Amino acid sequence: MKRIRLLSLSAISLATVALLAACGSPEAPGQDPSASSAVDRAVVDALAFADAPGGGETEAADSLVLRAQVALDRLAFSPGVIDGEEGRSYRLALAAFQEARGLPASGNLDEATRQALFSGQGSAATRRVVIPAAFARGPFVPDLPHETSQQARFDRLGYRSMTEALAERFHTTPDALLALNGPGTRLGAGRIVRVPAVDNVPLVKIEGDDRGWADTLQRLGVANRQPQAERIVVDRSEGTLRAYDKGGKLVAQFPVTTGSARDPLPLGTWKIKGEARNPDYQYNPDLFWDADPDDKARRLAPGPNGPVGVVWIDLSKEHYGIHGTPEPQNIGRTESHGCVRLTNWDAARLAQMVHTGTEVVFQA
């Protein structure tokens, strides 16, 4: 089955890519007009979400499941979107955390698990924060279409609204933010909003960062420093991606979407060849079985709402990769065109864990 051909590769980016199939791949990374590689202390401070006066902790209003989801997210055992719902991804994350801590992997929040999970962490799951002016400025793209074929005329596939940007920054969904704040809540610079307690991270300097990756990490609330992974295991039946360190210890787990009956996950053992961060994307409808026959090949600009989200992690299995998504709420619930898809924040975190040569196992 044809998919994509990778023509040139380096340890940190894909130099040139030609698309040949369904899953898709990033194109050659050109200069992104929104990139910001310089570190400016004023920008760091401007993008930090300060706690609202008297609103740093709201433990009384937080559910136990919401507290657990935030704690799991902080420890890299991702529940996917933080929404307070006791769903499949949450239970899988809890079981993985239990396994990593030597507890019975029941997926239930028993007393021993609570003690291990909440030890050393703040007791509240949410914060009331002040929206920074720099964050409120966007820019946002309210008229960005959802159809891939119609996105080529935009120079940035950014967030459509502040609500969407705020949801990704705090690892949740617009619907969950609405539930936390109420339908009458107004967003804007200086306004106060209740969000999951995902911490601020500093803007770091990354050598050769001409694609604005440091800015992306900060805007997703993802720290630059992460546990290092030597082996990745993607389990098709569970819908999970697990990361192990060089000693074989489980250090992270993320929910994933892993293909479909039409484009199945290629079982086997592969290697990571490189990454494309904030990648461009070359869309060719002739290579997508479900594309509109009237579509034309087009180049798409970078952005979190692009087809592969904020990052593409390339594999030695030709034509396949691990990447982000513009629809985090669908991870584990819908099918993909063969590749492994994560939320943008989980994909960004994984990108900081792996390196060229990291082993990747796809299993049933």
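Analyst: Start with burial in helix α2. Val65, Leu66, Arg67, Ala68, Gln69, Val70, Ala71, Leu72 and Asp73 are buried there. Buried means under 20% relative accessible area, exposed over 50%, and partly exposed in between, with a 1.4 Å probe and protein chains only. Helices (H or I, at least four residues) and strands (E, at least two) are DSSP runs, numbered from the N terminus. This is a predicted model: local features need pLDDT of at least 70, side-chain atom pairs count only at pLDDT 80 or more, and totals for chains, interfaces and linings use all residues. Residues are numbered from 1 along each chain as its sequence is written, and side-chain values use heavy atoms, leaving out hydrogens and water.

User: Why is α2 described as largely enclosed by the rest of the structure?

Analyst: Count its buried residues: 9 of the 11 are buried, so α2 is largely enclosed. Those buried residues pack against α3, α4 (111-118), β3 (126-130), α7 (174-181), β4 (192-196) and α9 (344-353). Contact means heavy atoms within 4.5 Å. After α2 comes alanine 76, with a positive phi near 75 degrees.

User: How many aromatic pairs does the whole structure hold?

Analyst: First, the rule. Rings of Phe, Tyr and Trp (its six-membered ring) pair if their centres lie within 6.5 Å; planes under 30 degrees apart are stacked, over 60 edge-to-face, and the rest tilted. The search finds 3 pairs. One of them joins phenylalanine 49 and phenylalanine 135, edge-to-face, at 5.0 Å centre to centre with 75 degrees between the planes. This pair links distant parts of the chain, 86 residues apart: phenylalanine 49 is in the loop between α1 (41-46) and α2 (64-74), and phenylalanine 135 is in helix α5 (residues 133-136). Both residues are buried.

Another edge-to-face pair is phenylalanine 77 with phenylalanine 97, at 6.0 Å centre to centre and 80 degrees between the planes. Phenylalanine 77 lies in the loop between α2 and α3 (88-100), and phenylalanine 97 in α3, 20 residues apart. Phenylalanine 77 counts as buried because its relative accessibility is 1%. For phenylalanine 97 the value is 0%, so this residue counts as buried too.

User: Which rings do ring pairs link into a cluster?

Analyst: Phe49, Phe135 and Phe170. Phe170 also carries a charge over its ring: the charged end of arginine 169 sits 4.4 Å from the centre. The test is NZ of Lys or CZ of Arg within 6 Å of the ring centre and within 35 degrees of the ring normal. Arginine 67 lies over the face of phenylalanine 118, at 4.3 Å from the ring centre.

User: How do I read a sheet? What is the strand order here?

Analyst: Strands of a sheet pair through backbone hydrogen bonds, either parallel or antiparallel. Here, two strands pair if DSSP finds at least two bridges between them. The open sheet of 8 strands runs β7-β6-β5-β14-β8-β11-β12-β13, with mixed pairing. Its edge strands, β7 (250-255) and β13 (340-341), each pair on one side only. Inside the order, β8 (residues 268-277) and β11 (residues 311-315) are antiparallel over 5 bridges. Glycine 274 has aspartate 314 in β11 as its bridge partner.

User: Is glutamate 164 buried or exposed?

Analyst: Buried, because its relative accessible area is 16%. Glutamate 164 belongs to helix α6 (residues 162-169). Leaving aside neighbours within four places in sequence, glutamate 164 is in contact with Tyr159, Pro174 and Asn305.
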